[in-house]
Amino acid sequence: MRWDDFRASENVEDRRGEGGGGGGGFPGGGMGGLGIGTIVIVLLISWVTGINPAILLGGAQQMAGGGQQREQRVDPETQARRREAPTDRAGQFATKILGNTEDVWNEILPNQTGRQYTPTTMVLYQGGTRSGCGMAQAAMGPFYCPLDKKVYIDLGFFKEMQTKFGVKGDFAYAYVIAHEVGHHVQDVLGILGKVQSRQQNASSKTEANQLSVRVELMADCLAGVWAKNSNDRWNSLDQSDIQEALNAASAIGDDKLQEKSQGYAVPDSFTHGSSEQRMRWFMTGYKSGQTKSCDTFRASRG
């Protein structure tokens, strides 16, 4: 993947080296009315099931009657340091991929949906940090928090992709970032809030899981839409890059993860989709380049 010529985003907070947000704990007794014990349980559920922790924490907060997350006060010096452009290659890569997603979505979202794109902010951290959805920890993997409109990623996840799943390559890593930005696109379009409401009113855990799968597959598809439109303009990809993305999508399918961890798959417990589904929906977006092709909720099959 040829990414060096991409524009670097200014919407990046580099929190690496800040000490993991208070030693990896939950300073201040929780978030939005949730106690430490509740948050720990929610994060454990997220880690086991793969459900986006933002969705789980948001639902738990509403059930607890909590309000908006209290703003964390950051001194001007720390804020200025966070806004400095990363100098390491991994940080520069993430910054430029984010910048490219901004350039693509700023152009195509108004044309394809009539909605203006408001960029997300990417938070780079190491170990742990605070988020609008509670504590972000490296073990959770990258995620999007709709409460503060930010993507959180510990760049060490890319090394884990290679060592744990045998997945490597710049475009495989770009796909991960584009998937999380896809969740932000869903938020801009008003989809995430509607789905969260439906999940809270679901008649069963299976139904709630199926809604989660549809959300994740749509984000995969939107990552494909970004890739198609980016390549049309910058000619930055070749066939091997697409295979890298497919390898990543396949490796993190619920069926493969469950088979690896417990020896068998339980489809009713899927929260992100099978390997086949994730690859298929990425290619659906890549082949069409159209946001409208990503309506996983109306599709006859996930």
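A: In this predicted model, confidence is highest in helix α5, at a mean of 98, and lowest in helix α1 (residues 20-23), where the mean is 44. Taken over the whole protein, the mean pLDDT is 84, and 81% of the residues reach 70 or more. Two stretches call for caution: over residues 21-41 pLDDT stays under 50, and the model has 38 contacts beyond four places in sequence for them, while over residues 59-71 pLDDT likewise stays under 50, with 23 such contacts.

With that in mind, we can turn to the charged pairs. The structure holds 16 salt bridges, and one of them joins the side chains of R89 and D4, with 4.0 Å from N to O. This pair links distant parts of the chain, since R89 belongs to helix α5 (residues 89-113) and D4 to the segment before β1 (12-14), 85 residues apart. R89 counts as exposed because its relative accessibility, 52%, is over 50%, whereas D4, with a relative accessible area of 44%, is partly exposed.

Another salt bridge is formed by D187 and K149, whose closest N and O atoms are 2.9 Å apart. D187 lies in helix α7 (residues 170-188) and K149 in the loop between β5 (143-145) and β6 (150-154), so this pair ties together parts that are 38 residues apart in sequence. The two partners can also be described by their accessibility: D187 counts as buried because its relative accessibility of 15% is under the 20% cut-off, while K149, at 39%, counts as partly exposed.

A further pair stays inside one helix. The side chains of K164 and E160 meet in a salt bridge with 3.5 Å from N to O, and both residues lie in helix α6 (residues 156-165), where they are four residues apart, about one turn of the helix. K164 is partly exposed, with a relative accessible area of 48%, and E160 is partly exposed too, with 32%.

Beyond these pairs, there is also a linked group: E13, R15, E18, R82 and K150 are joined into one network by salt bridges that share partners.

Notes:
Residues are numbered from 1 along each chain as its sequence is written. This is a predicted model: local features need pLDDT of at least 70, side-chain atom pairs count only at pLDDT 80 or more; totals for chains, interfaces and linings use all residues. Side-chain values use heavy atoms; hydrogens and water are left out. Helices (H or I, at least four residues) and strands (E, at least two) are DSSP runs, numbered from the N terminus. Buried means under 20% relative accessible area, exposed over 50%, partly exposed in between (1.4 Å probe, protein chains only). pLDDT is the predictor's confidence in each residue, from 0 to 100. Contact means heavy atoms within 4.5 Å.
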